[in-house]
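Please find below some remarks on the model under review.

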Amino acid sequence: MSDSNNSRPVVSGQVASWLGVIAFVAVAIAVIAYAYLAFRTTDGVDANRRIAEKALRADLESKAKGKLTDSGRNADGTYHIPLDTAVALIAAKPEILAQLRQSNEGPGATAPAPVFTNGTK
Amino acid sequence: MKNLNLILAGVFFTLAASFGGLLLSGQVQLGQLNRAPAEEGGPLFPPKEPGLAIQGRQVYLSLGCVTCHTQQVRPAGQGNDIARGWAQRPSVARDYILQSQVLLGNRRLGPDLVNYGARVKSDDEVHAHLRTSMPGSVMPAYGFLYTQSKDGSFRPTEDAVALVAYLKSLKIDYSSPEAKQKQ
Amino acid sequence: MSQAYSSRGSVSRIDASISVPVRLFIFSSLVWLLVASVLGVIVALKLQVPSFMGECPWFTYGRIETLQRNAFIYGWASNALFALNLWIMSSLARFELKSSWLPVLGGAVWNLTLTYGLVQVLLGQLNGFALLEMPKEVAPALVVAFVFAALWPAVAFARRPTGNVFVSQWYIIGATFVFPVITVVAQLMLLWCPTLGVMQALVHSWFYQNLILLWLGGSALSAVYYFIAKESGRTISAYYLATVGFWTYFLFASWTGPATLLGSPIPVWVQSVGVIASLMMLVPIVITAVNFFGTLAPRNGIAQSWNNTTLRFVLVGAVSFTLAALLNVVSSTRSLNALVRFTEFAQAQEHLTVYSFVSMVIFGAAYYILPRLTGAFWPSAKLVYLHFWSCAAGSLLLVVTGLTQGWAAHGRTDFAVSAAPGLLAAVLLLVGHFAFALNALGMLTAENAPSNRRAY
């Protein structure tokens with residue numbers, strides 16, 4: 001038993017056997033785990049529905065954000081502009097607000113009212 | 001058989017056999033289970049769990065309720081679960097598919113809870129049961145779930161509210177294709 | 001019981017090479033045993049006086065019972081079996097461990113992880129699956145610790161100088177292999193990528209039966225074979241059957257999970273498979289019984305074993321194993337199972353396996369191993385006596401009251417349990433364990449010099 005044995009391997013025989021046993025156990029676990037994960041189908045109807053709902057929510061949210069930050073034409077023919085621009089416009093020219101109110105009280109705004117009241121009756 | 005690897009391989013085979021025979025084939029049969037209507041075109045069962053009930057399950061888990069309470073009712077031929085009035089029908093696999101942790105339980109120091117929500121009448125009844133100890137019951141009072149205000153009345157903590165919501169959500173009062181078959 | 005002290009004064013080179021890890025495992029197991037016994041008394045007391053320690057969410061019955069179970073299985077039994085498996089295998093395979101720091105590291109990580117997990121349980125972070133209650137980061141750490149602490153018996157077997165094989169070695173290798181595999185697979189299927197609905201209950205029953213019957217039971221069976229042959233000086237009767245016994249035990253035990261779920265909402269065919277596997281367990285039960293009692297029964301062997309401390313414990317363990325296994329077969333018939341399921345009957349069955357069988361065998365083995373490991377004598381014969389009778393009486397009381405109360409409960413609609421016998425039994429076990437721990441700690445701390453050895 002001399003400590004000055006230069007040809008001593010990096011991994012002793014016992015440790016090498018130990019690593020061999022570990023490898024065996026690891027392979028066994030991997031095989032069984034793989035079998036489970038392969039048989040486990042994650043795409044149940046419920047999971048699919050949840051993924052679809054999540055995508056829809058994200059889509060609606062980005063659209064709603066877009067309405068606040070971009071200018072564009074609404075479905076009813078009116079226009080929308082970003083909130084910041086609108087605030088800046090009103091600040092620069094306060095009388096624009098009165099004009100807007102007037103146009104809202106015009107014939108265009110009254111049109112949907114009967115439909116709405118009919119619906120609630 | 002004197003070689004280590006052969007023995008290990010043999011033991012692996014025994015484990016893999018039971019894994020495949022019980023768990024993989026069980027997975028094939030039950031892994032795809034979805035909500036289903038009791039009859040054509042009806043609402044889907046089991047119903048979605050309310051958010052508060054999902055929080056309440058964590059309280060149920062955290063207090064270790066599963067140690068004394070099961071959540072399964074056996075068919076009429078096996079045991080007297082239905083005769084005891086715990087539910088109208090035996091529980092079936094589909095009843096559990098929405099639960100994150102299935103708490104079937106294996107010991108009854110108290111009644112089964114799978115249909116508890118259908119048995120109790122009001123939140124107050126459940127709160128009273130949690131806050132005070134019933135005579136003749138080994139279930140202690142869970143006083144720490146309540147705070148007493150100055151006028152002597154008890155206020156449930158958030159945990160208590162969630163737990164009661166969970167307990168009230170435990171219901172198998174709907175029917176399902178398998179349940180009809182099993183009865 | 002005087003033969004317990006026939007220890008050789010010197011410590012062999014093999015024992016010296018594994019002394020440090022084995023001492024660590026035994027010391028840790030003693031600490032956990034005491035913790036679990038105190039918790040056991042609290043659990044029994046809470047059944048008697050439900051309001052006891054009821055003011056704080058930390059000490060609900062569910063949490064304390066969970067702590068007790070985990071401390072007992074992972075703290076006491078598993079640590080002790082690390083020591084037992086390593087010692088028996090080293091002695092059979094003439095193995096001198098070189099890198100003893102690796103199992104020491106494993107033991108340290110195991111116990112620290114377990115402590116962390118149990119504190120988390122106390123604080124309310126627990127899952128609903130028995131013996132997998134600890135938070136989901138605990139089990140991987142336990143498996144890594146296990147790999148460091150407990151795979152050395154397999155190394156010893158692989159590197160043995162002769163080709164001889166004794167049946168104990170198979171059981172140790174099998175048990176050692178089973179633990180990491182079932183733990184990782186069960187964790188994966190229950191907590192990391194959970195399966196759907198009642199599949200979870202099925203997975204859990206598979207894990208639980210394998211853990212109890214194969215990891216704990218397999219390791220303990222190895223010790224029963226070893227000590228019966230060693231201490232009686234006889235060859236195992238019908239030894240050629242032992243191979244069949246080993247393979248049938250491992251093959252059928254791992255299918256018995258669903259037999260613990262009869263009447264549950266899992267598919268009926270799965271339940272039937274479990275029942276059939278339980279019936280098939282009769283093969284290894286009969287073979288082990290022939291091996292054990294066929295060896296000891298002739299030529300007044302039972303009486304001789306009764307006078308030998310190690311064999312007395314091991315004999316109680318072997319009888320308990322046979323009884324528990326037979327009881328499992330009987331109670332897996334549907335009609336009987338329907339009556340006793342969910343009652344204290346099932347608790348008594350589990351106690352018979354985990355305590356009367358596994359723990360009693362560990363005690364017996366410790367009485368053999370510790371003198372050889374430390375070169376010291378058992379400090380007190382009276383404590384050994386107290387230990388045996390206190391534990392035997394407590395255990396018998398628990399099993400008998402559990403079985404009778406469970407049986408009496410069928411057909412009733414109330415939940416009345418008489419908790420007093422359970423409390424008495426828990427106190428008896430605590431006393432016995434204190435006696436054992438006192439004795440064992442005395443040996444572990446004894447100086448290994450002949451001048452310090454007390455004469456008997």
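1. Does B:Arg57 count as buried or exposed? B:Arg57 counts as buried, at 1% relative accessibility (buried is under 20% relative accessible area, exposed over 50%, partly exposed in between, with a 1.4 Å probe and protein chains only). B:Arg57 forms a salt bridge with B:Glu49, with the closest N and O atoms 2.6 Å apart (a salt bridge is a side-chain nitrogen of Lys or Arg within 4 Å of a carboxyl oxygen of Asp or Glu).

2. On the basis of these remarks: this is a predicted model, in which local features need pLDDT of at least 70, side-chain atom pairs count only at pLDDT 80 or more, and totals for chains, interfaces and linings use all residues. Residues are numbered from 1 along each chain as its sequence is written, chains are lettered from A and ligands numbered from 1 in the order in which they are written, and side-chain values use heavy atoms, with hydrogens and water left out.

3. B:Arg89 and B:Asp95 meet through their side chains at 3.0 Å, N to O; B:Arg89 is buried at 4%, and B:Asp95 is buried at 7% relative accessibility. The side chains of B:Lys168 and B:Asp123 meet at 3.1 Å, N to O. This pair links distant parts of the chain, 45 residues apart, with B:Lys168 in helix 5 (residues 158-169) and B:Asp123 in helix 4 (residues 123-131) of chain B (helices are DSSP runs of H or I, at least four residues, numbered from the N terminus). B:Lys168 is partly exposed at 22%, as is B:Asp123 at 37%.

4. At the interface, 74 residues of chain C are in contact with 66 residues of chain B (contact means heavy atoms within 4.5 Å). The area buried between the two chains is about 5900 Å², of which carbon and sulfur atoms give 68% (buried area is the accessible area, with a 1.4 Å probe, lost on putting two parts together, summed over both).

5. The rule finds two salt bridges across this interface. B:Arg107 and C:Glu344 meet in a salt bridge at 2.8 Å, N to O. Helix 7 of chain C gives the most to the side of chain C that touches chain B, with ten residues.

6. C:Gln271 lies in helix 10 (residues 268-280) of chain C and is buried, with a relative accessible area of 2%. Not counting residues up to four places away in sequence, C:Gln271 touches residues including B:Gln78, C:Pro258 and C:Arg334.

Notes. Helices (H or I, at least four residues) and strands (E, at least two) are DSSP runs, numbered from the N terminus.
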